[in-house]
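Colleague: I am new to this structure and would like a close look at one part of it. Could you take me through the aromatic pairs and what surrounds them?

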Amino acid sequence: MMYGREDSDSAIVASKSANKVEGATAEPMERRVEAEGKAITSATCRTQGRESVSPGLDRLRQAVREHRKEKLTALLHHVDVDLLTKAYHSLKRGAAVGVDGVTWEAYGEGLQAKLTDLHARVRSGAYRAQPTRRRMIPKPDGRERPLGITSLEDKIVQRALVEILNIIYEPEFLGFSYGFRPGRNQHDALDALWYGINKTSVNWILDADIRAFFDTVDHEWLMRFVEYRIGDQRVLRLIRKWLKAGVMQDGILTATEVGSPQGSVISPMLSNIYLHYAFDLWAHQWRQRSGCEHMIIVRYADDIVCGFKHERDAKTFLAEFKERMERFVLSLHPEKTRLVEFGRFAAKDRAKRGAGKPETFAFLGFTHICGQDRHGRFLLERRTRRDRMRSKLKAIKLQLRRKMHASIPEQGRWLGRIVRGYFAYHAIPTNTRALSTFRYFVTEAWRRTLDHRSQRAGVTWEMMTRLARQWLPMARISHPWPGDRFTVKHPRWEPSA
């Protein structure tokens, strides 16, 4: 939603709306402002000894808080051996290897000596970034997404630098930005969108998608944005090295003049910095200048949803949004960017015009639908996207074929983990039918697999019902109602909220 942070010296920060109940829109502030002198909770993880990784990071936090408008010119010394060690242990153990072919386990042999050498190379400037290995990942719509897999040492240094950049930029990022930020996830973005649509007079939704964002990020603009806050030339050189390292695909090295590898550790942070200046600050200022009533914004990486009360405001915003993106060498996807009549009055207004049911839109894996509760009142329903479910089921069937001759307990344990992981994300209110459908088709795929591994009589559904009851979790909602979770995380009862 459209939230900002309080700062009396800046024209880009949100002002709080009135705390009246009648006709009040969702407030633009999403977090309570810390009281003056109140300690800020540390964003760094702690080691097994429960001590901070580096006291220097605490001093950096203090400097960032006291000098919000100044460039930070001495940062690289925070990338010490301890921070590199923490970065190494935070990486995924079984992740795909880069062009160096080094696995997490292999690098762990003689770890401290290797990290000491890596630290020395980073400090002296002898460190060289390696090309990313490109791997094409199929998408639900049949197309492929290029994924960049970085080398292990690049991952370690990038992860350490992200720790520092988080300290610098978290106070800067606005409240409606949710992607790849500490303490925020997809469900926080979904909750904010649900709360905004249900609690405000939103009648039009702009579902915007930036075309091939990670592949078209302009390096010159990105470095200009980074230099607003970072003046340490050694850090800037590190970022340029990663951007210019090139891409290796099928043994062919290609230079990279634009883009940031999707899948690298540093790319999510760089994308947030880019869109913070290219979109977030502009959208916040646009709302203030236009006096647009009940405008909501939720951004997760390059997926953006905006809500408006009036169609004219939505169309004006969309036209200026396109111009804004073109200025920063980006463009909106013509097919995925849509203006949809959506909200509590959409069904009634469309019925009067004979226009049929309100259209739907998709965000973060869910289709959003104008529905009604048991009392006939407007209710935003969210259901798992059908194409995403089909894609997941197709992958499960393929894996089941490979596990065809494994024992039933082994298959059951594996399928149980898959279904539990799927439910952990998708088990939200109003999505029970999709959960039951997914569980049914997983059970059916399992039955077919068991039926094909022998020529004896077919496996009955009675048998499969017992197996599913034993190994697969039931379809139950595990997430609270988004309004409840949103108000707990962002309470409104304090005068400063």
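Modeller: Happy to; what follows starts with the chain as a whole, turns to the aromatic rings, and then moves out to their surroundings.

This is a predicted model, in which local features need pLDDT of at least 70 and side-chain atom pairs count only at pLDDT 80 or more, while totals for chains, interfaces and linings use all residues. Residues are numbered from 1 along each chain as its sequence is written, and side-chain values use heavy atoms, with hydrogens and water left out.

The chain has 17 helices and eleven strands; these are DSSP runs numbered from the N terminus, with helices being H or I of at least four residues and strands E of at least two. Of the 497 residues in the chain, 50% are buried. Here buried means under 20% relative accessible area, exposed means over 50%, and partly exposed is in between, using a 1.4 Å probe and protein chains only. Contact means heavy atoms within 4.5 Å. Among contacts between residues at least 6 apart in sequence, 72% join residues at least 24 apart.

Now to the rings. A search of the whole structure finds 31 aromatic pairs. Rings of Phe, Tyr and Trp (its six-membered ring) pair if their centres lie within 6.5 Å; planes under 30 degrees apart count as stacked, over 60 as edge-to-face and the rest as tilted. In one of the pairs, the ring centres of Trp282 and Phe317 are 5.2 Å apart and the planes are at 35 degrees, so this pair is tilted. The pair links distant parts of the chain, since Trp282 belongs to helix α10 (residues 267–290) and Phe317 to helix α11 (residues 311–327), 35 residues apart. Trp282 counts as buried, at 8% relative accessibility, and Phe317 counts as buried at 0%. Phe317 also forms a tilted aromatic pair with Phe308, with 5.4 Å centre to centre and 50 degrees between the planes. Phe308 is buried too, at 0% relative accessibility.

Where does α11 lie? Helix α11 lies across β3, β7 (303–308) and β8, and runs at about 15 degrees to β3. For such angles, axes are lines fitted to C-alpha atoms, for helices over the stretch in contact, and the angles run from 0 to 180 degrees between N-to-C directions.

Strands β3, β7 and β8 belong to an open sheet of four strands in the order β6-β7-β3-β8, with antiparallel pairing. Two strands pair if DSSP finds at least two bridges between them. The edge strands are β6 (296–300) and β8 (338–341), each of which pairs on one side only. From one strand to the next, the twist averages 15 degrees. Strands β3 and β8 run antiparallel and are joined by four bridges, and Ile205 stands opposite Val340 in β8.

Next comes the loop between β3 (204–209) and α7 (213–216), where Ala212 is found. Ala212 has a phi near 45 degrees, a positive value in a residue other than glycine. With a relative accessible area of 38%, Ala212 is partly exposed.

Ring pairs link Phe213, Phe214, Trp221, Phe225, Tyr228, Tyr274, Tyr277 and Phe328 into a cluster.

Some rings have a charged side chain over the face. A charge sits over a ring if NZ of Lys or CZ of Arg is within 6 Å of the ring centre and within 35 degrees of the ring normal. Lys114 lies over the face of Tyr107, at 5.2 Å from the ring centre. Arg184 takes up such a place over Tyr178, at 4.6 Å from the ring centre.

Strand β1 (residues 132–138) pairs with strand β4 (residues 247–249) in the parallel sense over two bridges, and Thr132 stands opposite Val247 in β4.
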